[in-house]
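Please walk through this structure one local feature at a time. Keep the sequence and the coordinates open side by side.

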Amino acid sequence: MLKTLTLTLVGLAALVSAQLPADDLVSSLEQFDDISFGLYSGYIPIKDTKKKLHYMAALSKRNPKTDPVIIWFNGGPGCTSMLGFSQENGPYSLSDDDTIFRVNDYSWNNEATMIYIESPAGVGYSVCGDAKECAFTDDNSADDNMAVVLSLFETKFPDFQKNDLYIAGESYAGIYIPQLVKRLDKYITDNAQDPNVFKPALKGFMVGNGVTHWQYDAEPAAIEQAYWFGLVDDALYNQMRTCDFTYYDFDGDTKLNQTCKDLKKKYDSYMNNIQPYDLFGKCYFWPTQKGPQLINGKMVDLADDASLLQERDKYLRVVDYANFKYRDRPDYQQLKDAPSCGTYDGPLLDYFNKASVKLSLKIDPSITNFKLCSDINYSKNRDGTFAIYQQLTQPGSKYRILKYSGDSDGVVPTQGTMKWIDQLGLKVTKPFRSYDVGGNTAGWVVEYENGFTFATIHGAGHMAPQWKGQQTYHAIFNWIQGQEL
Ligand SMILES: *[C@@H]1O[C@H](CO)[C@@H](O)[C@H](O)[C@H]1NC(C)=O
Ligand SMILES: *[C@@H]1O[C@H](CO)[C@@H](O)[C@H](O)[C@H]1NC(C)=O
């Protein structure tokens, strides 16, 4: 009790003396009973465009004046960072099969100021005012993120300009983050001599189950992972190994002969009812037909096409949440429903579409249909971000990097991550070893020269902070503090 009181007083004192964006302060938010730490929601316009990105900031509960700032991105491309805020590492979370938000004991704002950016424009609550400005690539989306991050510190949170800064995220953010860091690094270097230019105190970045190198990540790794998890038999695996699945998320079946195409079809049929985001997880199947039916234990009448589509929007299918796996494949349109197993996020979608919630969060009135993942115009680059990792891990590297991986993810599996890390050719400084949380093995960690660390989160799927909150929290904050996991 005494401890809580002291913390609150420290928090308030810090708030009173800080320059904070008063217009963006969320004074109350339904189901979020205690937001006295300071919750902010607002927009950052991108200069000379009609685009503006939505951000949410949850100030550190400990000491926002001195605690690090972590900027978080979800992936897609096209998915909202409100997923991170509301299910993974925010102050309250809405769990699978639950209908309301509950306090998240492992919120990252326990000891860091968390800022969630919904990127690119057109995603979630972020606004794309002119479709012509919203055809995105890995490069121009990173340019926008760069502009927004600088503006965030210059216009919204000048008091945090000197705080340690980390960029973090998951999935397709494995592309966003290194691209952003590359730009921040150039900006910091270019302006090193000018004391009048604000330069962020960038210390490093953390990427969870992020795509990086398309030769290894996603499909080739998924097949390996499925085999090692005992989900496909030796006979099928041994035949499939001879087929070329590299860059599959660009090329689809075009590099495969008929034999390999048939093997892939058989493999897909094995995997169709397995939860791709967590190979041990529960499957949620979306409705495929109109009419009255039982959905998650409730009778629902999907009378017309519109209500059928609306209901389907409540599921995160791989084609939505990990849109990178399908969007460039020649057979994209036919793949919209494959596999049939995803997650169910109806309560979340209902919440963020509520007029009262949008009012509390000061959401632009043009946002009439908030989606968890939007089908934006985005073309991804075959080169991925591997070369950026190579540049950032040269001797004398300026930034620390934590690559963490929920090891039961079937979408961006650990298998692929380990392969491209191996290709970096960095010297191991502390060998692969397990780390414990609460007396149990929570994962494995290995440290390399030049500031690079790799850690697994054992038994977590794609959204590691959501499904192994305590273990992921342990890994993140011990790493930030430079302590042994
Ligand atoms: C996406 O943007 C590109 C570049 O502006 C454009 O050529 C293409 O038609 C757009 N695609 C869609 C589906 O709107
Ligand atoms: C198809 O491709 C695989 C892998 O390259 C090869 O092992 C196999 O012999 C090919 N099959 C046919 C019928 O060409």
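**Loops, helices, sheet and ligand**

Pro77 sits in the loop between strand S3 (69–73) and helix H2 (82–88). Helices are DSSP runs of H or I with at least four residues, strands are runs of E with at least two, and both are numbered from the N terminus. The peptide bond from Gly76 to Pro77 is cis, with omega near -5 degrees.

This is a predicted model, in which local features need pLDDT of at least 70, side-chain atom pairs count only at pLDDT 80 or more, and totals for chains, interfaces and linings use all residues. Residues are numbered from 1 along each chain as its sequence is written, while chains are lettered from A and ligands numbered from 1 in written order.

Another cis peptide bond joins Ser119 and Pro120, with omega about -10 degrees. Pro120 lies in the loop between strand S6 (113–117) and strand S7 (127–128). Asp48 is not a glycine, yet has a positive phi of about 60 degrees. Look for Asp48 in the loop between strand S1 (39–45) and strand S2 (51–58).

Now the helix pair. Helix H3 (residues 138–156) packs on helix H4 (residues 173–190) at an angle of about 60 degrees, with the axes 9 Å apart. Axes are lines fitted to C-alpha atoms, for helices over the stretch in contact, and angles run from 0 to 180 degrees between N-to-C directions. H3 and H4 are therefore oblique to each other. Oblique covers what is left after roughly parallel (under 35 degrees), roughly antiparallel (over 145) and roughly perpendicular (65 to 115).

Which residues of H3 meet H4? They are Asp138, Ser141, Ala142, Asn145, Met146 and Val149, and in H4 they meet Ile175, Tyr176, Gln179, Leu180, Arg183 and Leu184. Contact here means C-beta atoms, placed from the backbone, within 7 Å.

Turn to the sheet. An open sheet of three strands has the order S11-S15-S14, with antiparallel pairing. S11 (284–285) and S14 (315–316) are at the edges with a single partner strand each, so one side of each has no neighbour in the sheet. Strands pair if DSSP finds at least two bridges between them. Two bridges join S14 to the antiparallel strand S15 (residues 341–344). Tyr315 has Tyr344 in S15 as its bridge partner.

Last, ligand 2. Around it are Thr242, Cys243, Asn257, Thr259 and Cys260, where the C-beta atom, placed from the backbone, must lie within 6 Å.

Notes. Contact = placed C-beta atoms within 7 Å.
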